[in-house]
Amino acid sequence: MFQLLEIVPVVDVDKLQMFLQKLLQWGVDTGTRIAAALLIYVIGRFLTRFINRFVARLLERRKVDASIQSFVKSLVNILLTVLVIIAVISKLGVETTSFAALLASAGVAVGMALSGNLQNFAGGLVVLLFRPYKVGDYIESQGVAGTVREIQIFHTIIVTVDNKLVYIPNGSLSNSSIINYSREGTRRVDWTFNVEYGEDFKKVEQTLMDIIKSDKRILQEPEPFIALSALGDSSVDILVRVWVSSADYWGVYFDMNKVVYEEFTKRGISFPFPQLTVHQG
């Protein structure tokens, strides 16, 4: 008869204890690093907000231009955020030198992928340097017209007249034509009013001059200009040009249309409508 032998595994207690101690030590070290990283992140975010507020107040006290303020605040916030991220990664045990080498090695690829953003950053510097516009100006570019709310490091934020926010890349703005309606203190307003053939031009001219003189927003220097600009198919076209403060442009433009309609009707000056004369042979 064969005797069955029971095989009992031999356990090295010392090695098991050493393994458990190393595992425990690793857990403690890892937990400590994670806790420290979280603490650095919380403190870093607090300091970032504090420094951002400090920089904002400093720029306001120094009465720095609002365009430069928005650009600097955006740049400082991004730089501080990057520093916090690097500090957290370093505390987690990742070698910052290796991390920097990794960033450097990926720099070419990232640079190509972000070439548009780099161009926008350079465009923002060009805008701040040459100042074709500033915060608060009413501009038109890239098919968009509105008031500049903020100039960030990559984009310029514009608020349109119907209260839409438009983000235009600074690179595009620095390389394209920009119409700045707020740079000069005055603007010229142009109208073309049509009257019927047979109307007395002197009467029409005097009526328009009376309307112009009654509006205190219209400047008398340069002098208002009134001329017969064209003889149309169905009307006599009267050109009117006046100068106003840039802030009064649209108010004068729309009010003039209303007053001209009322005064022409009151004084018996007729507006034309399309007419077609047919001759029978």
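I looked up Arg62 to begin with. Arg62 is exposed, at 64% relative accessible area. The classes I use are buried (under 20% relative accessible area), exposed (over 50%) and partly exposed in between, with a 1.4 Å probe and protein chains only. Arg62 sits in the loop between α1 (13-61) and α2 (66-91). Helices here are DSSP runs of H or I with at least four residues, and strands are E runs of at least two, numbered from the N terminus.

I am working on a predicted model, where local features need pLDDT of at least 70, side-chain atom pairs count only at pLDDT 80 or more, and totals for chains, interfaces and linings use all residues. Residues are numbered from 1 along each chain as its sequence is written, and side-chain values use heavy atoms, without hydrogens and water.

**Surface patches**

I checked which residues accompany Arg62 in a positive patch. Arg49, Arg53, Arg57 and Arg61 gather with Arg62 on the surface. Patch members have over 30% relative accessible area and no salt bridge; like charges are joined within 9 Å, nonpolar side chains (Val, Leu, Ile, Met, Phe, Trp, Tyr) within 5 Å. Lys and Arg count as positive, Asp and Glu as negative; His and chain ends are not counted. I place each charge at NZ of Lys, CZ of Arg, CG of Asp or CD of Glu.

I then noted a nonpolar surface patch of Leu39, Ile43, Phe46, Leu47, Phe50, Ile51 and Phe54. Together they have about 630 Å² of accessible area, by the Shrake-Rupley method with a 1.4 Å probe, where only the protein chains shown count as cover for residues. Leu39 is in helix α1.

**Salt bridges**

Side chains of opposite charge can pair when their charged atoms come close. I found nine salt bridges in the structure, each being a side-chain nitrogen of Lys or Arg within 4 Å of a carboxyl oxygen of Asp or Glu.

I looked at Arg188 and Asp190, which meet at 2.9 Å, N to O. Arg188 is partly exposed at 36%. Asp190 is also partly exposed, at 31%.

Next I took Asp215 and Arg217, whose closest N and O atoms are 3.0 Å apart in a salt bridge. Asp215 is buried at 17%, whereas Arg217 is partly exposed at 29%.

Last, I took Arg267 and Glu263, a salt bridge with its closest N and O atoms 3.3 Å apart. Arg267 is partly exposed at 32%; Glu263 is buried at 17%. Shared partners join Asp210, Glu263, Lys266 and Arg267 into one salt-bridge network.
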